[in-house]
Amino acid sequence: MNFSLSSVLAIALLAASASLQAQTNMKPSDTEYYSPVPPTVTINNGIPSDATILFDGKDLSKWKGEKGKADWIVANNILEVKPGSGTIQTNENFTDFQLHIEWKSPEVIKGEGQGRGNSGIFLQGLYEIQVLDNVNNPTYVNGGAGSLYKQRPPLAQVIAPDKWHTYDIIYKAPQFNKDSLLISKGTVTVLHNGVVVQNNTQIDGTTEYIGLPRIVSHGPGPIILQDHGNPVQFRNIWIRKL
């Protein structure tokens with residue numbers, strides 16, 4: 001069947017008129033619903049009531065080391081990397097989450113570039129958000145503080161006036177089908193001291209020091225904190241499952 005341009009326009013006008021009529025006949029209640037009701041979350045000392053506290057300044061009961069017990073230093077409500085002791089990771093595994101973590105470069109600054117105040121936060125144990133001293137410390141831009149390491153540089157370099165940095169990380173895990181094929185890439189949003197430095201950034205694959213990211217099929221994974229040989233400090237770590 002052939003339609004002339006005038007016929008097509010007439011049909012479009014009739015459809016628009018019908019849509020407008022339907023909108024006119026609608027009541028406010030037609031687009032309102034009352035369930036399910038979102039859960040109520042309260043805030044206590046800056047921590048949501050539905051969060052799991054991973055480090056509260058007291059101990060490392062929620063963490064383990066590469067070969068057993070987590071062996072980092074806990075003192076004065078602060079967790080400090082013990083150089084040479086290896087990474088630590090959460091006992092629990094996670095999928096999608098909101099993570100809050102505060103960190104500080106060593107008081108005595110040594111080295112430069114990647115050798116200065118270096119650590120990292122690995123999401124699901126595979127994808128690193130870089131921790132690095134960023135005060136007058138030039139390095140490759142996709143390896144600086146707030147970067148998705150070796151993949152995406154931060155949108156801005158954010159300095160912490162009191163030396164304590166805050167990361168708020170919203171992470172959506174990659175999806176794989178039953179044949180371990182990638183369906184959708186993971187994404188990460190990072191606020192560094194309240195400033196967006198990663199905005200729904202796609203994660204290309206695993207964090208690799210040498211070479212390109214790899215696609216590795218996986219399920220839930222831990223939060224890993226890196227021992228890079230620098231006594232970086234952490235505090236106030238909590239996570240919300242999404």
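Asp 71 has a relative accessibility of 41% and therefore counts as partly exposed (buried is under 20% relative accessible area, exposed over 50%, partly exposed in between, with a 1.4 Å probe and protein chains only). This is a predicted model, in which local features need pLDDT of at least 70 and side-chain atom pairs count only at pLDDT 80 or more, while totals for chains, interfaces and linings use all residues. Residues are numbered from 1 along each chain as its sequence is written, and side-chain values use heavy atoms, with hydrogens and water left out.

Side chains of opposite charge can pair when their charged atoms come close. Asp 71 forms a salt bridge with Lys 82, and their closest N and O atoms are 3.1 Å apart (a salt bridge is a side-chain nitrogen of Lys or Arg within 4 Å of a carboxyl oxygen of Asp or Glu). Asp 71 sits in the loop between β4 (63-65) and β5 (73-75), and Lys 82 in the loop between β6 (78-80) and β7 (88-90), so the pair ties together parts that are 11 residues apart in sequence. Helices (H or I, at least four residues) and strands (E, at least two) are DSSP runs, numbered from the N terminus. Lys 82, with a relative accessible area of 34%, is partly exposed.

The structure holds 13 salt bridges. Another of them joins Lys 241 to Glu 92, with 2.5 Å between the closest N and O atoms. This pair links distant parts of the chain: Lys 241 belongs to strand β17 (residues 233-241) and Glu 92 to the loop between β7 and β8 (97-104), 149 residues apart. Lys 241 is exposed, at a relative accessible area of 51%, while Glu 92 is partly exposed at 33%.

A salt bridge also connects the side chains of Lys 104 and Glu 107, at 2.5 Å from N to O. Here Lys 104 is buried, with a relative accessible area of 11%, whereas Glu 107 is exposed at 52%. Both residues take part in a network of salt bridges that includes Lys 163.

Next comes strand β9. Of the 5 residues in β9 (residues 119-123), 5 are buried, so the strand is largely enclosed by the rest of the structure. Strand β10 (residues 127-131) runs antiparallel to β9 and is joined to it by 5 bridges; two strands pair if DSSP finds at least two bridges between them. Leu 123 faces Tyr 127 of β10. The hairpin of β9 and β10 has 3 residues between the strands, and in it Gln 124 adopts a positive phi near 55°. β9 also pairs with strand β16 (residues 224-225), in the antiparallel sense over 2 bridges. There, Ile 224 is the bridge partner of Phe 122.

In soluble globular proteins, nonpolar side chains tend to be buried together. The largest nonpolar core has 36 residues, and Trp 63, Tyr 167, Leu 225 and Phe 234 have the most contacts inside it (a nonpolar core is a set of buried Ala, Val, Leu, Ile, Met, Phe, Trp, Tyr and Cys residues joined through side-chain atoms within 4.5 Å). Elements giving two or more residues to this core include β9, β10 and β17. β8 gives the most, with 4 residues.

Lastly, Pro 28 lies in the loop between α1 (5-25) and β1 (43-44). Pro 28 is exposed, with a relative accessible area of 62%. Its C-alpha atom is separated by 49 Å from that of Ile 224, 196 residues apart along the chain.
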